[in-house]
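Here is a short report on one protein model. Look at the sequence and the fold, then read on.

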Amino acid sequence: MIPSWDILKRRSQIIQTLRGGFEARGYTEVQTPVLGRHGAFDPHLHSIEVSIAGQPRYLQTSPEYALKQVLAAHGQRIFQIGPVFRGGDIGPKHQPEFTMAEWYAPGLELPLLMEEMVNLIRELPFVPKAFSDPLRHFQYRDLMIEHVGVDPECVDDAALRQRLDQYPIEANHLGDLADSQWRSDALDFLFSSEVQPQLTGLCTVTGFPRSQAALAEIDDASGLSLRMELFFSGLELINAYQELRDTDELERRWAEANAARAARGLPQLALDEGLKAAMADMPPSAGAAMGVDRLVLCLLDLERLDQAMVLPWV
């Protein structure tokens, strides 16, 4: 499918203004490889594997690992806008190939990074009036208690399984594994099924559980992930972290993820030594990623990602 010329022109204007907004805020655009030696360590992210000269390589699910090496080398504000790939994600709001913007700001705290990005989005062309409304802030735990009836900080696995039994078909893919990845997936399924549809307008969510930290730091006081997400009408636009810099913790999380992968019959992934070395040298930083196609969908009031993409998979 080829979108209308009007949509293609407006998409181009949005991305051009987005790129200019980053540059005006002191970010420098860099280009990292689409094909890498390592796949994403998160078990729920499916890196597409290809063979080059008999060696396995992976289409990157995000430029995160490479960008962090640039961040460690130079300690400057950087961003990238380009294609990324995630196997298995196909639907109205998911495509296996899509455009991502990812950026890192050394010395910046997570709330300021999100505020900066919200201001940039509001400068884009075709922004609907709802984007100008006051930004609302929510805590993950409060939303889960209100809309799911589950306290994520103390609910046990048995109670979570009972809650998932209300979705016998949709939640079937979660299996019955007693590990932190299963718990993270179960909470994420309930959040996306029952909380996200209740979110209206532009809002942020913070206070995600430790099991959903990925490569974010953990807050010493609360034990929660230093992670923040931006939603518009229930659709996730931005996922942001106070970036982890502890290499011992990286190794622990990588080993835990590989154990979860083994339990699910997924291949083991070697630790990305370039990422590990970079993490030791990275300045304190906040970083974030945004689905550009989703942003275009919201700004142009479209219903599906494929309406704004040239020759999508579906």
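## A buried arginine and the sheet beside it

The side chain of Arg294 has a polar atom 3.1 Å from the backbone oxygen of Lys93. This is a predicted model. Arg294 sits in helix α9, which covers residues 292-299. Is Arg294 buried or exposed? Arg294 is buried, yet it has no salt bridge. Glu236 is the nearest side chain of opposite charge, 4.6 Å away.

Strands pair through backbone hydrogen bonds, in a parallel or an antiparallel way. Here eight strands form an open sheet with mixed pairing. Their order is β1-β5-β6-β11-β10-β9-β8-β7. The edges are β1 and β7, and each pairs on one side only.

| Strand pair | Residues | Bridges |
|---|---|---|
| β6 and β11 | 97-106 and 285-291 | seven |
| β3 and β4 | 48-52 and 55-59 | five |

Met100 stands opposite Gly291 of β11. Ile48 has Leu59 in β4 as its bridge partner. Two residues lie between β3 and β4 in their hairpin, where Ala53 takes a positive phi near 50°.

Helices pack here too. Helix α2 (residues 64-74) touches β5, β6 and β11. Its direction makes about 25° with that of β6. Helix α4 (residues 140-147) lies across β7 and β8, at about 75° to β7.

Key. Residues are numbered from 1 along each chain as its sequence is written. This is a predicted model: local features need pLDDT of at least 70, side-chain atom pairs count only at pLDDT 80 or more; totals for chains, interfaces and linings use all residues. Side-chain values use heavy atoms; hydrogens and water are left out. Two strands pair if DSSP finds at least two bridges between them. Helices (H or I, at least four residues) and strands (E, at least two) are DSSP runs, numbered from the N terminus. Contact means heavy atoms within 4.5 Å. Axes are lines fitted to C-alpha atoms, for helices over the stretch in contact, and angles run from 0 to 180 degrees between N-to-C directions. Buried means under 20% relative accessible area, exposed over 50%, partly exposed in between (1.4 Å probe, protein chains only). Lys and Arg count as positive and Asp and Glu as negative; His and the chain ends are not counted. A salt bridge is a side-chain nitrogen of Lys or Arg within 4 Å of a carboxyl oxygen of Asp or Glu. A polar contact is a pair of N or O atoms within 3.5 Å; within protein, one must be able to donate a hydrogen and the other to accept it, and residues adjacent in sequence count only if both atoms are side-chain atoms.
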